Amino acid sequence: MTLHLIKLCVGVENIADLQRSIDRRIASGKGGAHDYIHATRMMPKRAEEILGGGSLYWVIKGSIQVRQRILELRSLSGADGLKRCGIVLEPLLHPVRPVPRRVFQGWRYLLADDAPPDLSGDQAEDVPAELMAQLVSLGLA
């Protein structure tokens, strides 16, 4: 079964802001010529399940709003000598049906059955993420 990761997207206001950040990092060449890598402290122990089609679901402003496909998990060493996990992500964002999520540290596993569904192109463009999150919290979407 596919397993996903979920992580807080700190310092980002919305999906468009995250996309701009991704575009800037890729243009600067950080992490390699074509790779978009998010470094985190711990390597997932269930990496094989994640690499079988898993995604990283981003929590933005208190709700899961978007996901990125995970392409690879790399072992990295920081300048401080500490081992880290480099999550290589597809730079394409897939908006999902917003689901409220409380604050947590690091990342968590997200079972495929618990992952919010992707929004279709029309849904993703027609309703701003903040409004969609409010509609979901009220049980209207």
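**Salt bridges, rings and contacts in a predicted model**

User: How many salt bridges does a search of the whole structure find?

Analyst: This is a predicted model, in which local features need pLDDT of at least 70, side-chain atom pairs count only at pLDDT 80 or more, and totals for chains, interfaces and linings use all residues. Residues are numbered from 1 along each chain as its sequence is written, and side-chain values use heavy atoms, with hydrogens and water left out. A salt bridge is a side-chain nitrogen of Lys or Arg within 4 Å of a carboxyl oxygen of Asp or Glu. By that criterion, the number found in the whole structure is seven.

User: Aspartate 118 is in a salt bridge with which residue?

Analyst: The N to O distance in this bridge is 2.8 Å. Aspartate 118 belongs to the loop between strand S7 (107-111) and helix H3 (121-126), while its partner is in strand S4 (residues 63-77), 51 residues apart from it; helices (H or I, at least four residues) and strands (E, at least two) are DSSP runs, numbered from the N terminus. The partner is arginine 67.

User: Is arginine 67 buried or exposed?

Analyst: Buried means under 20% relative accessible area, exposed over 50%, and partly exposed in between (1.4 Å probe, protein chains only). Aspartate 118, at 36%, is therefore partly exposed. Arginine 67 has a relative accessible area of 13%, so the class for this residue is buried.

User: What is the N to O distance in the salt bridge of arginine 84 and aspartate 80?

Analyst: Both side chains are partly exposed: arginine 84 has a relative accessible area of 26%, and aspartate 80 has 48%. Glutamate 72 and arginine 74 form another salt bridge, at 3.1 Å, with relative accessible areas of 33% for glutamate 72 and 24% for arginine 74. For arginine 84 and aspartate 80, the N to O distance is 3.0 Å.

User: What is the relative accessible area of serine 55?

Analyst: Serine 55 is in strand S3 (residues 55-60). Not counting residues up to four places away in sequence, serine 55 touches Leu3, His4, Leu5, Arg67, Gln68, Arg69 and Ile70, where contact means heavy atoms within 4.5 Å. Serine 55 is buried, with a relative accessible area of 1%.

User: Which geometry does the aromatic pair of tryptophan 107 and tyrosine 109 have?

Analyst: Rings of Phe, Tyr and Trp (its six-membered ring) pair if their centres lie within 6.5 Å; planes under 30 degrees apart count as stacked, over 60 as edge-to-face and the rest as tilted. The structure holds one aromatic pair. With 5.0 Å centre to centre and 70° between the planes, the pair of tryptophan 107 and tyrosine 109 is edge-to-face.

User: Which residue lies over the face of tyrosine 109?

Analyst: Tyrosine 109 is partly exposed at 31% relative accessibility, whereas tryptophan 107 is buried at 14%. A charge sits over a ring if NZ of Lys or CZ of Arg is within 6 Å of the ring centre and within 35 degrees of the ring normal. At 5.2 Å from the ring centre, the residue over the face of tyrosine 109 is arginine 46.

User: The side chain of arginine 41 reaches the backbone oxygen of which residue?

Analyst: Arginine 41 lies in the loop between strand S2 (36-40) and helix H2 (47-50) and is partly exposed, with a relative accessible area of 46%. Leaving aside neighbours within four places in sequence, arginine 41 is in contact with Leu82, Lys83, Arg84 and Cys85. At 3.3 Å, the backbone oxygen reached by the side chain of arginine 41 is that of lysine 83.

Notes:
Polar contact = N/O pair within 3.5 Å; in protein donor to acceptor, adjacent residues only side chain to side chain.
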